[in-house]
Amino acid sequence: MGAVLALLFTLRGRPSVTYGTEWGLTEARAPLPRGAGPWEEHLRKWAQFRRERPYLRDAPTRILHLTKDALVFARVGPEEVLLVGLARREERVHLRDGIDLALSPHDLVTMSFPAEQWTRT
């Protein structure tokens, strides 16, 4: 669940999590109880992460590495670059001088640094 929320909150646009009521489900038929759930803490964490980075709403997304088993993309803001990496299998990714990512299944790797550092390399 954490990796799914990470994608939702780091990709472009407005994150939205629904319970299924848009399909006519009622409280009695909802698959999960409303309110607190095991995913709620993850949701709060990622919502705070997103609030602290308003550029994520519309900053460009650059795909840096894409295979059938791994994805690494950058969200480039005016002052910060956020790298996000996900993988289905162990994979080591070399992006550029000094930036290497070790990706593991179902783990999320995030790295941020000043935008000026990104444009210099």
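A helix here is a DSSP run of H or I covering at least four residues, numbered from the N terminus. I start with that because my first entry concerns two residues of one helix.

**Entry 1: the aromatic pair.** I am working with a predicted model. I looked up W46 and F49 and found both in helix α2, three residues apart, which is about one turn of the helix. I then searched the whole structure for aromatic pairs, and the search gave one. W46 and F49 form that pair, with 4.9 Å centre to centre and 70° between the planes. Planes over 60 degrees apart count as edge-to-face, so I noted the pair of W46 and F49 as edge-to-face.

**Entry 2: two helices.** Two packed helices are described by the angle between their axes and the distance between the axes. I looked up both for α1, residues 2-10, and α2, residues 40-51. Their axes come within 10 Å and cross at roughly 25°. Angles under 35 degrees count as roughly parallel, so α1 is roughly parallel to α2. I recorded the crossing of α1 and α2 as right-handed.

Which residues make the contact? From α1 I listed G2, L5, A6, L8, F9 and T10. From α2 I listed H42, L43, W46, A47, F49 and R50. Sorted by class, the contact has eight nonpolar residues, three polar and one charged.

**Entry 3: the sheet.** I went on to the strands. Four of them form an open sheet in the order β1-β2-β3-β6, and the pairing is antiparallel. Which strands stand at the edges? They are β1 (61-66) and β6 (108-114). Each has a single partner strand, so one side of each is left without a neighbour in the sheet. The twist averages 15° from one strand to the next.

I then looked at one pairing by itself. Strand β2, residues 70-76, pairs with strand β3, residues 80-87, over seven bridges in the antiparallel sense. For V76 I found the bridge partner V81 in β3.

**Entry 4: helix and sheet.** Last, I returned to α1. This helix lies across β2, β3 and β6. Its direction is at about 150° to β3.

Key: Residues numbered from 1 in each chain as written. Predicted model: local features only at pLDDT ≥ 70, side-chain atom pairs only at ≥ 80, totals over all residues. Heavy atoms only, no water. Axes fitted to C-alpha atoms, helices over the stretch in contact; angles between N-to-C directions. Parallel < 35°, antiparallel > 145°, perpendicular 65-115°, else oblique. Left-handed = near helix turned anticlockwise from the far one by under 90°. Contact = heavy atoms within 4.5 Å. Nonpolar A, V, L, I, M, F, W, Y, C, P; charged D, E, K, R; others polar. Pairing = 2+ DSSP bridges. Phe/Tyr/Trp six-rings, centres within 6.5 Å; stacked < 30°, edge-to-face > 60°.
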